[in-house]
Amino acid sequence: MQTINGQRAITTARRCRAFRQRSGPALVVRATAAAAPSAKNSKKPNFPFVKIQGQEEMKLALLLNVVDPNIGGVLIMGDRGTAKSVAVRALVDLLPLIDVVEGDPFSSSPTDPKLMGPDVLDRWRRGEKLPMTQMRTPLVELPLGATEDRICGTIDIEKALTQGVKAYEPGLLAKANRGILYVDEVNLLDDGLVDVVLDSSASGLNTVEREGVSIVHPAKFIMIGSGNPAEGELRPQLLDRFGMSVNVATLQDTKQRTQMVLDRIAYETDPDAFAASCRPEQDKLTDRLQAARERLKQVKISNELQIIISDICSRLDVDGLRGDIVINRAAKALVAYEGRNEVKLDDIERVISSCLNHRLRKDPLDPIDNGTKVKVLFKRLTDPEVQRREAEAQKAKEEAAKKAKEGGAAAGAGRPAGAKAGSWSGLGVPTRR
């Protein structure tokens, strides 16, 4: 067996040397993948986003990340059957068609070099005319059994040996470029793989080092993770990499619950007809998101509000500055989504909990959850009525302490000299002479 393996190794080495001699030092790196999918899609439509009942915090966090993808994605944790996956898959239907270079596996933009794959970027620099087409915003789901090569991509050694080309086979990060990458049961995925995905999400680039070849391609996507907290928690270092985090629970409102059941039954009976009936609402929300994206650059936030944000993060002992940055971005995205141009204090209050609740240190003995702590501190620092009541309570406490001190001093005046405070000094009955 050792002899056979040795012969195979020698044969492979000879083929590699011959390949290098034929190819020379300069090699073209090309991606091998199927052509980009067309805008037309015949598969079963997703459940409409506008028909998801309740879960307002989750839906708002998803929409804000569409308005500003730099927020950093969303982590959705909750019980099974709470529409986590349904909401994520429905979100992609709200996104408009995007212009891409035809046949490119990276969904490269025909105009923005920052969103071009290596082959398209090289052609663009040479001044070639790039063929353009349109496609739906990609939604890539990362399975639990995926390997690092499948996620990041790898080098096709067989094509390199047989055709003389160092061919890069794109992974899931390449396919998710300019789209959404969804990781269901993210708390069950290997921490190393989660870290790789989050690194690409934060930087917008994916670097692959394989067989002496270095490939850098754009990987700009919205990272969305979901999971059941009963099955395990993510490490704090990974939690902090998600921009926002929301906790969802089963609907308890009878009216919403009943309507959700009826809509789901109607959808399963005839998905196409149900989706068509919701098309006007879906289109209206799509237009609203597109307008918010265009308005985002015009939104302003005052220096006073930014100081309040940093003050709250400091008082809560939030590690790093990601929390401060995400709150600023989420508040501005909310204002743009609602058609305004200036951030107010109420806007910060609506997003601050979902931006910070996963960044605080957890105390298993503390009955108050992190989201409530954030809301309470925000009220204490910003609500004049709460500040007035706390000031009155503090004043009453100081007065009570002062009276107690004066009472103790008066009682001490009746004790014999040298007697300790609280010692028995007799019954106070006068003695006979």
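The legends below describe an overview and several close-up views of one predicted protein model.

In this predicted model, local features need pLDDT of at least 70 and side-chain atom pairs count only at pLDDT 80 or more, while totals for chains, interfaces and linings use all residues. Residues are numbered from 1 along each chain as its sequence is written, and side-chain values use heavy atoms, with hydrogens and water left out.

**Overview. The protein has 17 helices and twelve strands.** Helices (H or I, at least four residues) and strands (E, at least two) are DSSP runs, numbered from the N terminus. Of the 433 residues in the protein, 40% are buried, where buried means under 20% relative accessible area, exposed over 50%, and partly exposed in between, with a 1.4 Å probe and protein chains only. Among contacts with a separation of 6 or more, 75% join residues 24 or more positions apart, a contact being heavy atoms within 4.5 Å. The protein exposes about 24,600 Å², of which carbon and sulfur atoms supply 51%; accessible areas come from the Shrake-Rupley method with a 1.4 Å probe, and for residues only the protein chains shown count as cover.

View 1. Although Gln-134 and Asp-99 are 35 residues apart along the chain, their C-alpha atoms are separated by 4.6 Å.

**View 2. Helix H13 packs with helix H14.** H13 (residues 303-315) and H14 (residues 322-337) pack at an angle of about 140°, with their axes 9 Å apart; axes are lines fitted to C-alpha atoms, for helices over the stretch in contact, and angles run from 0 to 180 degrees between N-to-C directions. From H13 the contact is made by Gln-306, Ile-309, Ser-310 and Cys-313, and from H14 by Gly-323, Asp-324, Ile-327 and Asn-328.

**View 3. His-358 sits in the loop between helix H15 and helix H16.** The side chain of His-358 reaches the backbone oxygen of Phe-242 at 3.0 Å. Not counting residues up to four places away in sequence, His-358 touches Leu-239, Phe-242, Gly-243, Met-244 and Ser-245.

**View 4. Ala-83 and Arg-178 have positive phi values.** Phi of Ala-83, a residue other than glycine, is near 70°, and Ala-83 is placed in the loop between strand S2 (74-78) and helix H3 (84-91), where this residue counts as buried at 16% relative accessibility. Arg-178, which is not a glycine, has a positive phi of about 70° and is placed in the loop between helix H7 (172-175) and strand S8 (179-184).

**View 5. Pro-143 lies in the loop between strand S5 and helix H5.** S5 spans residues 139-141 and H5 spans 148-152; Pro-143 is partly exposed, with a relative accessible area of 43%. Leaving aside residues up to four places away in sequence, Pro-143 touches Leu-172 and Leu-189. Pro-143 and Tyr-182 are 39 residues apart in sequence and 9.1 Å apart in space, C-alpha to C-alpha.

Technical notes. Polar contact = N/O pair within 3.5 Å; in protein donor to acceptor, adjacent residues only side chain to side chain.
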